[in-house]
Amino acid sequence: MLRLTAERMGSLLARRAAMPLATSSARMASHGHEVATTVDMSKPLYYDRKDTPLPDRAYKDVLDTADKGLKQKEKGPWGQLSKEEKIALYRIMFCQTYAEMKQPSDEWKTVMGGIFILLGLTGLIVWWQSIYVYPERPRTFDEEWKAKQLKRMLDMRINPVEGFSAKWDYEKGQWK
Amino acid sequence: MSLQKPLMRGMLGKRLRFHLPIAFSLSLLAAIAFKYAVTEPRKQAYADFYKQYDATKEFNAMREAGIFESVRPSEE
């Protein structure tokens, strides 16, 4: 019985281990600009956040010659900038627009799925524990004992004004 | 296009002037409601209980049920 349970748990763990790997690779594929080198956290960082609009630095901080030329043109009157140039300047400063940030994703399905799988696993563990770990059931839970306990509480007049014994009719010997 | 100058100061005062009277009156209402829904009926319940309470009769009933250790049920 123990070996059978371990096998079941083993297959469940394999499925659980494979799932986050699959989803993380999917997420990595969508992020083309993620770098593998370590980030210097002492310098201002760039971030895309819906709640904090203006990041600590521009998105592109190393500009090639075309972008440098554009930045020079930005110092002049903006009416002279074409629509494409304005968009290019925006994309130098920011990675994603608010519309892009707000795009819904399917992450909630992964989260809910993970929650349910783990809940199920916990349920199995608790069930196994209830059979192999729990001590003997106390005698105070037997129906006969509980009936005697109830009668004793009524005899002692527990909470006779508004509570327990107030609901018992002592003349008729039944609940009110 | 010229925008209207935004609100620069006095925001906390404005919020308090709106919310504090509401907060105080709702709390007062909650206290009054609790008094008349809970404490008054409870006082009445206790008064009614003790109006018809015979302590000796209750004691003897409890004694016969055998819950006391100082007095055993009256063996007949």
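## Starting point

Helices here are DSSP runs of H or I with at least four residues, strands are runs of E with at least two, and both are numbered from the N terminus. With that settled, keep in mind that everything below describes a predicted model. Its overall scores are an ipTM of 0.76 and a pTM of 0.55.

## Chain A at a glance

Chain A has 176 residues, and 13% of them count as buried. Six helices and two strands make up its secondary structure, and going along the sequence they come in the order α-α-α-α-α-α-β-β. If you take the contacts in chain A with a separation of 6 or more, 43% of them link residues 24 or more positions apart.

A UniProt record, an unreviewed entry, puts a "transmembrane region" at residues 111–131 of chain A. In the model that span is 100% helix and 0% strand, and its end C-alpha atoms sit 31 Å apart.

## Confidence

How does the pLDDT look in each chain? Chain B averages 94, with 99% of its residues scoring at least 70. Chain A averages 84, and 80% of its residues score at least 70. Residues 1–29 of chain A have a pLDDT below 50, yet this stretch still has 15 contacts in the model beyond near neighbours in sequence.

## Two loop residues

Gln80(A) belongs to the loop that joins α2 (65–74) to α3 (83–93) of chain A. Its relative accessible area is 58%, and exposed means over 50%, so Gln80(A) counts as exposed. Once its neighbours within four places in sequence are set aside, Gln80(A) contacts Lys73(A) and Glu85(A).

Ser165(A) is another loop residue, placed between α6 (143–155) and β1 of chain A. Is Ser165(A) buried or exposed? Its relative accessibility is 3%, and the cut-off for buried is under 20%, so Ser165(A) is buried. Skipping residues up to four places away in sequence, Ser165(A) touches Met153(A), Leu154(A), Arg157(A), Ile158(A), Asn159(A), Pro160(A) and Tyr170(A).

## Around Trp175(A)

Trp175(A) is part of strand β2 (residues 174–175) of chain A. With a relative accessible area of 42%, Trp175(A) is partly exposed. Trp175(A) and Ser165(A) are ten residues apart along the chain, and their C-alpha atoms are separated by 9.2 Å.

Which residues does Trp175(A) touch, not counting residues up to four places away in sequence? They are Leu150(A), Leu154(A), Phe164(A), Lys167(A) and Trp168(A). Leu154(A) turns up again here: it touches Ser165(A) as well as Trp175(A).

## The second largest pocket

The second largest pocket has a volume of about 560 Å³. Its lining consists of 19 residues, and the ones nearest its centre are Tyr170(A), Glu171(A), Phe49(B), Lys57(B) and Glu58(B). Tyr170(A) is also one of the residues that Ser165(A) touches.

Three elements each give the lining at least two residues: β1 (168–169) of chain A, plus α1 (11–51) and α2 (55–65) of chain B. The largest share, four residues, comes from α2(B).

How values were computed
Residues numbered from 1 in each chain as written. Chains lettered and ligands numbered in written order. Predicted model: local features only at pLDDT ≥ 70, side-chain atom pairs only at ≥ 80, totals over all residues. Heavy atoms only, no water. pLDDT = per-residue confidence, 0-100. 1 Å grid on protein atoms, 1.4 Å probe; cavity = no way out; pocket = protein on both sides within 12 Å on 5 of 7 lines; lining within 4 Å. Points joined across faces, edges and corners; volume = space filled by probe spheres on them. UniProt positions renumbered as here; feature names shortened; annotations may be inferred. Buried < 20%, exposed > 50% of the residue type's maximum accessible area, 1.4 Å probe, protein only. Contact = heavy atoms within 4.5 Å.
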